[in-house]
Amino acid sequence: MKAFLTLITVISAVCAATAADIKLPAAQKSGGMTLREALNSRHTVRRFKSDALTHSQIADMLWSANGINRPNGKRTAPSAMDRRDVMIFAALPEGAYFYDPEQHLLRQISDKDLRRYCGKFAAPCYFILVPDRAKQPREVFAAVDTGYVSQNIYLSAQANGLGTCAMGSIADRKKLADELKLGENQPFLVHPVGIPE
């Protein structure tokens, strides 16, 4: 019950729109690199240029990762029992944001730069994957669902000329969870994202 109430508090805070929220441009849903080309060239990147990502690049990545791709609200990534449990947060220099797939919007959670709590790589953006344990209490399903989203991030990065690296070793998991107001949920994976150096 405590976890559920904490989650309701987080969702309420997230759903209250602020001037600092970022309305993302529509994601590019056609053209570009084929799936086979992305698979053939996919690789892990750990060194990034300092160039900031554009809102269009972020929009494409987030939609590909776990955005809505059908009128019934279903997602680009599958999830066990259609629980849609994986939340994505974006840590940028100007703050941390929750990706709201229904509105295709970044909702500001913090005005702090939380990237240092994510990982050791100097990337302009980190995506933080957090399974909502109230929606998916079974750990194995939460882990698998997070893996689907992570793979989508890898393939989208490759298709968009960006690089990424899935990391389970988070620099400061507790501090990151506190700053994102996750309650009993915990960051599971982080993905630094940027232009490969």
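This is a predicted model: local features need pLDDT of at least 70, side-chain atom pairs count only at pLDDT 80 or more; totals for chains, interfaces and linings use all residues.
Residues are numbered from 1 along each chain as its sequence is written, and side-chain values use heavy atoms, with hydrogens and water left out.

Let's start with the sheet. Seven strands make up an open, antiparallel sheet, in the order 1-4-3-2-5-7-6. Strands here are DSSP E runs of at least two residues, helices are H or I runs of at least four, and both are numbered from the N terminus; two strands pair if DSSP finds at least two bridges between them. At the edges stand strand 1 (22-23) and strand 6 (163-164), each with a single partner strand, so one side of each has no neighbour in the sheet.

Now follow strand 7 (189-194). On one hand, strand 6 pairs with strand 7 in the antiparallel sense over two bridges: T164 sits opposite V193, and G163 sits opposite G194. On the other hand, strand 5 (125-131) runs antiparallel to strand 7 and is joined to it by five bridges. F127 has H191 as its bridge partner there.

How many of the residues in strand 7 are buried? Six of its six are, where buried means under 20% relative accessible area, exposed means over 50%, and partly exposed is in between (1.4 Å probe, protein chains only). In a regular strand, side chains alternate between the two faces of the sheet. In strand 7 both faces are covered: L189, H191 and V193 are buried on one side, and V190, P192 and G194 on the other.

That brings us to the packing. The largest nonpolar core has 27 residues, and L24, L62, I88, L106, F127 and V149 touch the most other members. A core, in this sense, is a set of buried Ala, Val, Leu, Ile, Met, Phe, Trp, Tyr and Cys residues joined through side-chain atoms within 4.5 Å. The elements giving two or more residues to this core are helix 3 (55-66), strand 2 (86-92), strand 3 (95-100), strand 5, helix 5 and strand 7. Helix 3 supplies the largest share, six residues. A separate core of 24 residues includes A96, F98, I128 and V190.

Leaving out residues up to four places away in sequence, L24 touches H55, I58, A59, L62, Y99, H104, L105 and L106, with contact meaning heavy atoms within 4.5 Å.

Next, the charges. The model holds ten salt bridges, each a side-chain nitrogen of Lys or Arg within 4 Å of a carboxyl oxygen of Asp or Glu. One of them joins R107 and D21 at 3.6 Å, N to O. R107 is in strand 4 (105-110) and D21 in the loop between helix 1 (2-15) and strand 1, so the pair ties together parts 86 residues apart in sequence. R107 is buried at 8% relative accessibility, and D21 is buried too, at 15%.

E102 and R75 meet in another salt bridge, at 3.5 Å, N to O. Here the loop between strand 3 and strand 4 is tied to the loop between helix 3 and strand 2, as E102 lies in one and R75 in the other, 27 residues apart in sequence. E102 is exposed at 53%, whereas R75 is buried at 10%.

D178 and K174 stay local: both lie in helix 6, four residues apart, about one turn of the helix. Their closest N and O atoms are 2.9 Å apart. D178 is partly exposed at 47%, and K174 is exposed at 59%. Salt bridges with shared partners also join D21, D100 and R107 into one network.

Finally, two loop residues. L182, in the loop between helix 6 (173-179) and strand 7, is buried at 3% relative accessibility. L182 is 52 residues from V130 in sequence, with 8.6 Å between their C-alpha atoms. K74, in the loop between helix 3 and strand 2, is partly exposed at 29%.
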